[in-house]
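Morning, everyone. Let me put one structure on the screen and walk you through it.

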Amino acid sequence: MLLKHTTKEIKERTALTVNPAKTCQPIGAMYAALGIHGCLPHSHGSQGCYAYHRSSLTRHYKEPVMAATSAFTEGASVFGGQANLLQAIDNMFTVYKPDLIAVHTTCLSETIGDDIPQIVSKAVADGKVPAGKYVIHANTPSYVGSHVTGFSTMTKAMVDYFAEPGGKKNGTINIVPGYVEPSDMEEVKRICSTMGIEIILFPDTSKVLNGPLTGRFHMYPEGGVTVEALKKTGRSRGTVALGNIASSAAAFALDTKCKVPYKLLDLPIGLHGTDMFIDTLRQIAGVNVPDSLTFERGQMVDIISDMHQYFYGKKVGLVGDPDQLLALTKFLVSLDMRPIHIVTGTPAGKKFGAELREAVKDVPCDVNIQLGGDMFLFHQLVKNDPVDLLIGNTYVKYIAKDEDIPFIRHGFPIFDRIGHSYLPTVGYRGGIMLLEKILNALLDRKDRDATDITMELVM
Ligand code: SF4
């Protein structure tokens, strides 16, 4: 009973969050920055914040996450962090030789009001930024938003700093993948390559945070979108943005700056989500869907049809990031499952709430949707109306243990399992992976609870 103080009675809270269902903005900004090749993320704030951002990413990806900090002490906290950032930029380019530095702010530097573009201009004027190297920035105060909005802001900064307007449009398609795993980005690239479509995926953390162990340390792994590719995004035929909350800002900025039209889609999770993604690519690129993808789709449909009786009517509690929740909810509803508690810690807005409500309108029972909620509330909802399955990040395991409910890990952070960095949940193959996880959780529980009489060999 690790959460024995969680009461069943729900009281309205406005000023207190207990066990947040999100992490802080700079973590998402740092994650996005790692998706640029040769980039050294830089946390403009205290060492404590930076240690938290780095350790969260390191624990989730089980990879060494390289980043730097302005290392604020009392002096910077009072007089501002300009001197620290100037020194840091000089040190980083001299010692670690990145292609670019991506600065994100923290609660402290935002409260002080440090003007990052002004400080960077001074660094350039002082000759601290070598020719051909760059410093970009994103404002990420963590008293608003979450890691998802931090990711979104840093991804938009890639457009603001690098996308070049003008020039003849080419056949390339930009894809903004959303706050997903490196494995998911890899899968998006595989699908596009199977369709023969040239893309620029940004950010791209595949081969950065899911690389092999080779015995050699690479400060800047081989993956990541290059600055040259980012410059070319302004000449692409179109942009596909996956997930409104994490990706729309960059896509909109690209449209405004370079007149590259965009299409906004859900994350390609599940059959319908993946169908929409592939069909959109087909239309924009003017290509046919290859048989190999149709084959994968058929395999997924086969599994759903073979095992539908185990999905049917199962109640699910979901907590996590908004884009993931929306796509997952639609997927679960399509399996005839019943997502009845849906909680996100990221304040996602009325439009998102309306979309989520639309997604569950045919679920034949009451559905609780909480935007800007926390894990404590999620636990209370589960206590009041128990479910057959929980889906969420590592922190949900305490609820799962206390309430004795099957649980699958999905989202960020996952500190206590591996696989998420290597095995996708997007696309048809990812959907099969997700179906397997859901089924394993449900059927393991069925086996555990079976008596000698009801134990089934064939399921
Ligand atoms: S102080 Fe702000 S930026 Fe730093 S770790 Fe806490 S929430 Fe994140």
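I'll take the ligand shell, then the cysteines, a surface patch and the salt bridges.

First, a caveat. This is a predicted model.

Start at the ligand. Which residues surround the ligand? Cys24, Pro26, Cys49, Tyr52, His53, Thr106, Cys107 and Ser142 do. Look at helix 2, residues 47–61. That helix gives the most to the shell, with three residues. Now sort the shell by class. Five residues are nonpolar and three are polar. No charged residue is in the shell.

Stay with one of these residues, Cys49. Is Cys49 buried, partly exposed or exposed? Its relative accessibility is 24%, so Cys49 counts as partly exposed. The cut-off for buried is under 20%.

Cys258 is in no disulfide. The nearest cysteine sulfur belongs to Cys39, and that sulfur is 20 Å away. A disulfide needs the two sulfur atoms within 2.5 Å. Cys258 is also buried, because its relative accessible area is 3%.

Next, the surface. Leu2, Tyr395 and Tyr398 form a nonpolar patch there. Together they have about 310 Å² of accessible area. Where is Tyr395? In the loop between strand 12, residues 389–392, and helix 16, residues 396–403. Tyr395 has 41% relative accessibility, so this residue counts as partly exposed.

Now the salt bridges. The structure holds 20 of them.

How exposed is each partner? Arg190 is partly exposed, because its relative accessible area is 22%. Glu187 is at 5% relative accessibility, so Glu187 counts as buried.

The second pair is Asp385 with Lys315. Here the closest N and O atoms are 3.5 Å apart. Asp385 sits in the loop between helix 15, residues 375–384, and strand 12. Lys315 is in strand 9, residues 315–320. So this pair ties together parts that are 70 residues apart in sequence. Asp385 is partly exposed, with a relative accessible area of 25%. Lys315 is partly exposed too, with a relative accessible area of 25%.

Arg448 counts as partly exposed, at 48% relative accessibility. Asp404 is partly exposed as well, with a relative accessible area of 41%.

One last item, on a network.

To recap. The shell around the ligand has no charged residues. Leu2, Tyr395 and Tyr398 make a nonpolar surface patch. And there are 20 salt bridges in the structure. Thanks.

Terms used:
Residues numbered from 1 in each chain as written. Predicted model: local features only at pLDDT ≥ 70, side-chain atom pairs only at ≥ 80, totals over all residues. Heavy atoms only, no water. Buried < 20%, exposed > 50% of the residue type's maximum accessible area, 1.4 Å probe, protein only. Near = heavy atom within 4 Å. Helix = DSSP H or I, 4+ residues; strand = E, 2+ residues; numbered from the N terminus. Nonpolar A, V, L, I, M, F, W, Y, C, P; charged D, E, K, R; others polar. Patch = residues over 30% accessible without salt bridge, like charges linked within 9 Å, V, L, I, M, F, W, Y side chains within 5 Å. Areas by Shrake-Rupley, 256 points an atom, 1.4 Å probe, with all protein chains shown as cover. Salt bridge = Lys/Arg side-chain N within 4 Å of Asp/Glu carboxyl O.
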